[in-house]
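Trainee: I'm new to this one. Can you walk me through it?

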Amino acid sequence: MGIFQEEQLAVIPSLPLLSLNHVSFVCKNVAESAKFYQQVLGFVLIRRPSSFSFEGAWLFNYGIGIHLLECNSITDTKKKPSVINPKDNHISFQCTDIELVKRRLEEMRMKHVSAIVEEGGIKVDQLFFHDPDGYMIEICNCENLPVLPISACPLKKPQSYMDSIKTTNQSFFPSLKAHHAAEMETWMIDNLVTNMINITM
């Protein structure tokens, strides 16, 4: 039985996006932060439009840009955390040799923490550290984990999650029966994965 047999729902087309272009960080000292991203992470300075009325720097590598923006005042930036918390906001880079990265960080006397994620016998190593402004960077070998749609995962979702899906679906689609909620979610994830595959081809 199809999930839309009783009622056809309009599928909202996704935005015509291509890829992640850049991330931006407000900096206390643009020169110091640019040096960090060049020397520690291997980014290269690129031309930045001259029409900006504030200081900044654009860097690029690994298919992504990092834009550094000079703060208006010291209150625009957050205080650098004294503790590295892996659950904080961060950007992440995959690497080919996590042990080499760890040695390099130690040679540079950069404070960092390690973590390991395990799933089905697969291990992912993680390293976390801060840039000069307190923004967190993760280095990992996350490519070890396959990218799977939710429908392919054998894990049972917690009841609280299923209840929230049910409530959300009923609020948007009042006539949609509760037992279709999980089916609808699976259909949406499968379509997302199909779209992702089509984009990469």
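Mentor: Let's go through a charged pair and then a sheet. This is a predicted model, where local features need pLDDT of at least 70, side-chain atom pairs count only at pLDDT 80 or more, and totals for chains, interfaces and linings use all residues. Residues are numbered from 1 along each chain as its sequence is written, and side-chain values use heavy atoms, with hydrogens and water left out.

Trainee: How many salt bridges does the structure hold?

Mentor: There is 1 salt bridge, meaning a side-chain nitrogen of Lys or Arg within 4 Å of a carboxyl oxygen of Asp or Glu. Lysine 28 and aspartate 133 form the pair, at 3.8 Å from N to O. The two sit 105 residues apart, lysine 28 in the loop between β1 (22-27) and α1 (30-39), aspartate 133 in the loop between β7 (122-130) and β8 (136-140). Those labels are DSSP runs numbered from the N terminus: helices (H or I, at least four residues) and strands (E, at least two).

Trainee: Is aspartate 133 buried or exposed?

Mentor: Aspartate 133 is buried, at 2% relative accessibility, while lysine 28 is partly exposed at 34%. Buried means under 20% relative accessible area, exposed over 50%, partly exposed in between (1.4 Å probe, protein chains only).

Trainee: New topic: what order do the strands of the open sheet take?

Mentor: The 4 strands run β5-β8-β7-β6, with mixed pairing; two strands pair if DSSP finds at least two bridges between them. β5 (90-94) and β6 (113-119) are at the edges, each with a single partner strand, so one side of each has no neighbour in the sheet.

Trainee: And how do β7 and β8 pair?

Mentor: They're antiparallel, over 5 bridges.
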